[in-house]
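Here's a quick briefing on the contacts worth a look in this model, sorted by topic. Keep the viewer open and follow along.

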Amino acid sequence: MAMESVEAVVAHIQGLSGSQEEVAHLHALLKQSEDALRSQAARLGAFLHQLDPSVHTLGYLFLLEAYSSDPVCREQDGDFLLSIVEFINSCSAEQIRLAPEKFISVCKSFKDKVMQLQVPIQGIVPLRTAIRKLQVSSEQLTTLHSDYLLLCLLAKCYKAGLSILDDDIFEVDQPRDLFLYCYYGGMINIGLKSYRKAWECLHNVITAPMTTLNAIAVEAYKKYILVSIILNGQVPLFPKYTSSTAQRNLKSHTQPYIDLANCYATGTFAELEGCIQTNLEKFQSDSNLGLVKQVLSSLYKRNIQRLTQTYLTLSLQDIANAAQLKTPREAEMHVLQMIQDGEIFATINQKDGMVSFHEDPEQYKTCGMIEHIDSSIHRLMALSQKLGSLDEHMSCDPAYLTRIGKERPRFDFDEFDSVPHKFL
Amino acid sequence: MDGGDEGVVVAPIGDESMCSNGGAVDDPRRPPASSGKAAAGGGEQMDLEAYVALYTGRTRVSRLLFVAERCGNEGMQLEALRMAHDEIKKGEDSHLYREVIAKTGGRLGPLYALDQTWVDMVDRRAEARKEKLENELNSYKTNLIKESIRMGFNDLANFFYAHGQLGDAFKNYVRTRDYCTSSKHISQMCLNVILVSIELGQFMHVSNYVSKAEQTPEQLDPITHSKLRCAAGLAYLETKKYKLAARKFLDTGPELGNNYTDVIAQQDVATYGGLCSLASFDRPELKNKVIDNINFRNFLELVPEVRELINDFYASRYASCLEYLENLKPNLLLDIHLHDHVETLYTNIRHKAIIQYTHPFISVDLHTMAGAFKTSVAGLEKELEVLITDDKIQARIDSHNKILYARHADQRNATFQRVLQTGVEYERDVRAMLMRTNLIKQESILRAAKKL
């Protein structure tokens with residue numbers, strides 16, 4: 001078909017947005033008219049008002065995408081943001097899924113505009129709606145996830161990011177989406193001070209399969225080192241499933257952090273401070289200085305925690321000496337903070353200047369605890385079932401069987417052969 | 001002057017040699033020597049004469065040189081060097097002679113200067129003997145009589161040993177192995193190799209050849225057996241396997257007597273065995289194998305301090321036990337095999353004492369404990385902290401009241417905690433695994449798509 005005019009396209013849209021076959025037909029037509037739409041981008045604004053986004057979603061989408069990909073239109077239109085938000089809120093999910101790339105590109109230009117205008121907070125809710133509409137299941141990762149998390153980070157609305165992060169992700173369309181998603185996820189968790197979750201996210205980044213090193217993994221590894229130190233006091237070795245690219249190359253790009261980890265292991269405060277001072281600019285340029293400061297304070301915490309294992313009561317002066325703090329006053333403040341955070345169980349007797357350490361009062365006898373254990377068991381059983389079914393599925397896969405067949409040991413003729421012959 | 005200075009019982013032989021040297025020459029160094037002996041330290045001063053009298057052969061010289069190097073006391077050093085010099089002159093080792101002379105540096109006066117004529121004579125003699133032996137060996141080899149070839153290699157090795165060329169001696173002893181026909185020959189060969197290896201400090205070979213010797217089909221005579229046990233014990237000691245070393249020394253029979261003085265003295269067996277067992281055995285083993293061991297008692301009689309300190313340890317008289325240890329320390333630091341293990345053994349024994357002390361109690365007052373161990377409360381607290389952190393003592397310190405409370409972990413809580421932790425880790429790992437699987441699947445689909 002020759003290049004149709006925009007009016008004709010609009011008419012098609014209005015006519016063919018009824019049933020599913022009509023929509024499919026419309027889709028084909030629209031794909032062919034893409035160039036026409038793009039060339040007339042400036043005029044499209046007016047036509048958009050003729051269409052109803054909830055019914056004519058697909059058509060609206062195509063027009064909107066052509067419109068938003070034109071930079072001039074983007075700049076001039078004051079209502080650009082509003083119109084996209086409206087569209088996202090009212091569009092129909094099935095029609096969107098027919099042309100996901102278009103939807104994603106619309107959302108991306110939305111995100112760019114929001115960032116340009118420096119109001120990232122405005123983009124959060126719309127993008128979340130967009131994600132929910134685009135996802136086939138809550139286990140799927142879309143490209144929009146990382147954009148969403150980026151906006152949450154910029155707007156410092158970490159809690160908003162949590163709602164998306166809490167979903168378990170099992171399906172990934174594009175492997176490279178995962179890197180950014182997990183990296184931003186790690187950063188959000190760091191912002192919320194839930195270091196365990198942050199560690200998990202960053203761990204996923206560095207152990208993801210990769211054939212070439214990418215910058216995201218390097219940055220993630222830097223943060224991973226710092227978070228590992230805060231959590232466990234040391235950096236674990238690479239697990240065996242880490243890609244060889246990562247294992248070979250990550251360390252060479254993150255030398256100052258590795259030095260910091262080694263310094264921490266020796267345990268003296270002065271040395272650690274010295275190490276931080278020497279690498280100060282590097283930490284600052286990576287914007288990791290806040291985390292590094294937390295590493296420093298975690299050293300005190302670790303020393304104090306070690307004391308709880310050895311002593312029942314200890315004077316504040318002794319705590320100050322053991323943890324290399326300057327005055328008993330500082331020791332008292334640290335201990336108080338740790339008690340409030342629930343990291344140790346103790347009571348401070350100010351009259352004597354003594355701290356008594358107690359055992360963990362958790363007796364594991366309450367109803368709440370029983371429920372927690374019960375729900376964990378159920379969740380884990382579901383997970384392990386999933387794993388089992390995945391394994392079964394894969395062992396029926398022809399490609400796998402062919403491969404196994406080639407490498408199987410040769411048995412005698414009448415012995416049971418593990419692979420059916422049709423796969424050889 | 002000679003007899004009165006020794007703090008320990010002196011064997012008669014010591015007196016005579018002292019007299020013969022002292023009387024003949026007006027030696028200016030005599031006053032410093034005797035005052036040096038008395039002045040160095042409050043504990044019993046090492047009596048070089050008695051000490052060296054326990055050994056024969058090359059080890060005498062090695063030990064004297066070691067003492068000279070380590071004692072840090074000029075008088076004693078000179079004394080040791082002088083005795084080494086005399087010992088060497090009786091033998092054929094010109095290299096060692098030159099070494100000793102160099103170390104002396106003329107401080108012993110004109111009588112102890114380099115005697116070049118003696119050196120030359122010894123070297124010439126050695127050359128001649130070597131040629132003779134080698135010719136004999138060659139003739140035996142052409143005759144192909146196993147026994148004579150073995151004897152030939154043996155003689156050559158003995159010669160090298162006497163002349164101080166330990167490496168060649170070792171090689172030749174090993175070569176006799178191919179010509180050994182009876183198990184007696186084998187055990188003799190093994191013992192020779194062991195001797196040279198100990199001198200060379202190569203304890204790997206020592207353990208190898210001990211096991212070789214013990215594998216002979218015939219029953220070894222008890223003396224050889226004891227010798228092999230001692231050698232094995234020394235090898236274990238060197239490789240810091242104190243428990244095994246202790247066992248070997250404790251199994252040494254009294255038949256050892258004075259038969260192995262070119263390596264080890266009976267007093268050494270007692271000391272090494274006693275200290276290693278104290279540092280590494282637990283209480284029942286200590287009672288069975290050491291205190292109730294009749295054979296080992298004979299050895300312990302020779303070194304009453306070690307016997308006393310083991311008994312004190314067992315009876316929980318820690319203060320006196322530690323005191324004995326401190327008194328023994330300076331002499332042990334001069335022992336050629338034990339010196340670098342003294343610190344470790346002592347720390348182990350001290351830790352064991354502390355652990356044993358706290359074991360039966362629910363609460364212990366740190367003041368009384370510090371008194372029992374002759375240390376300050378602060379120091380004791382530090383030691384306890386180290387032991388608790390290493391999980392050797394299950395207790396907690398109440399620093400305010402200075403009491404140590406025993407603490408038993410609550411198994412139930414610990415189990416719950418572990419279970420929950422395992423669950424969390426499992427979940428995390430499986431989720432990550434499922435995601436990675438998916439990623440790899442996507443990659444392979446991508447790659448397959450590209451191929452098509």
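B:Lys329 has a relative accessible area of 18%, and since buried means under 20%, it counts as buried. Its salt-bridge partner is B:Glu343, with the closest N and O atoms 3.2 Å apart. That pair links distant parts of the chain, 14 residues apart: B:Lys329 sits in helix α19 (residues 318–332) of chain B and B:Glu343 in helix α20 of chain B. B:Glu343, at 45% relative accessibility, is partly exposed. Bear in mind that this is a predicted model.

**More salt bridges**

- Over all chains, a search of the whole structure turns up 35 salt bridges.
- B:Arg58 and B:Asp93 make one of them, their closest N and O atoms being 2.9 Å apart. B:Arg58 belongs to helix α5 (residues 58–70) of chain B, while B:Asp93 is in the loop between α6 (74–89) and α7 (94–104) of chain B, 35 residues apart. Both B:Arg58 and B:Asp93 are buried.
- B:Glu87 pairs up with B:Arg60 in a salt bridge, again with the closest N and O atoms 2.9 Å apart. B:Glu87 is in helix α6 of chain B and B:Arg60 in helix α5 of chain B, so this pair ties together parts that are 27 residues apart in sequence. Both B:Glu87 and B:Arg60 are buried.

**Aromatic pairs and charges over rings**

- The count of aromatic pairs over all chains is 19.
- B:Tyr51 and B:Tyr55 are edge-to-face, because their planes meet at 75°, with ring centres 5.5 Å apart. B:Tyr51 is buried at 11% relative accessibility, and B:Tyr55 is buried at 1%.
- B:Phe153 and B:Tyr179 are stacked, 5.9 Å centre to centre with 25° between the planes. B:Phe153 is in helix α9 (residues 146–162) of chain B, and B:Tyr179 is in the loop between α10 (166–175) and α11 (183–200) of chain B, 26 residues apart. B:Phe153 is buried at 4% relative accessible area, whereas B:Tyr179 is partly exposed at 23%.
- One aromatic cluster takes in B:Phe313, B:Tyr318, B:Tyr357, B:Phe361 and B:Phe373.
- B:Tyr55 also has the charged end of B:Arg63 over its ring, 3.9 Å from the ring centre.

- Helix α14 (residues 242–251) of chain B has B:Tyr242, B:Ala245, B:Ala246, B:Phe249 and B:Leu250 buried. Down the axis of α14(B), its buried residues fall within an arc of 130°, so they line one face of the helix.
- Those buried residues are covered by elements of chain B including α13 (222–238), α15 (266–280), α16 (283–291), α17 (294–302) and α20 (342–358).
- B:Ala232 lies in helix α13 of chain B and is buried, at 7% relative accessible area. Leaving out residues up to four places away in sequence, B:Ala232 touches B:Val210 and B:Lys248. The C-alpha atoms of B:Ala232 and B:Ser207 are 5.9 Å apart, though the two are 25 residues apart along the chain.

**Where chains A and B meet**

- Chain A brings 45 residues to the contact and chain B brings 33 residues.
- About 3800 Å² is buried between chain A and chain B, with carbon and sulfur atoms giving 62% of that area. A:Thr310, A:Tyr311 and A:Tyr364 supply 17% of what chain A buries against chain B, more than any other three residues.
- There are 2 salt bridges between chain A and chain B. A:Glu359 forms a salt bridge with B:Arg407, the closest N and O atoms being 3.0 Å apart.
- The charged end of B:Arg436 sits over the ring of A:Tyr241, 3.7 Å from its centre.

Note on methods:
Residues numbered from 1 in each chain as written. Chains lettered and ligands numbered in written order. Predicted model: local features only at pLDDT ≥ 70, side-chain atom pairs only at ≥ 80, totals over all residues. Heavy atoms only, no water. Buried < 20%, exposed > 50% of the residue type's maximum accessible area, 1.4 Å probe, protein only. Helix = DSSP H or I, 4+ residues; strand = E, 2+ residues; numbered from the N terminus. Arc of directions from axis to C-beta. Contact = heavy atoms within 4.5 Å. Phe/Tyr/Trp six-rings, centres within 6.5 Å; stacked < 30°, edge-to-face > 60°. Lys NZ or Arg CZ within 6 Å of the ring centre and 35° of its normal. Buried area = accessible area lost by both parts, 1.4 Å probe. Salt bridge = Lys/Arg side-chain N within 4 Å of Asp/Glu carboxyl O.
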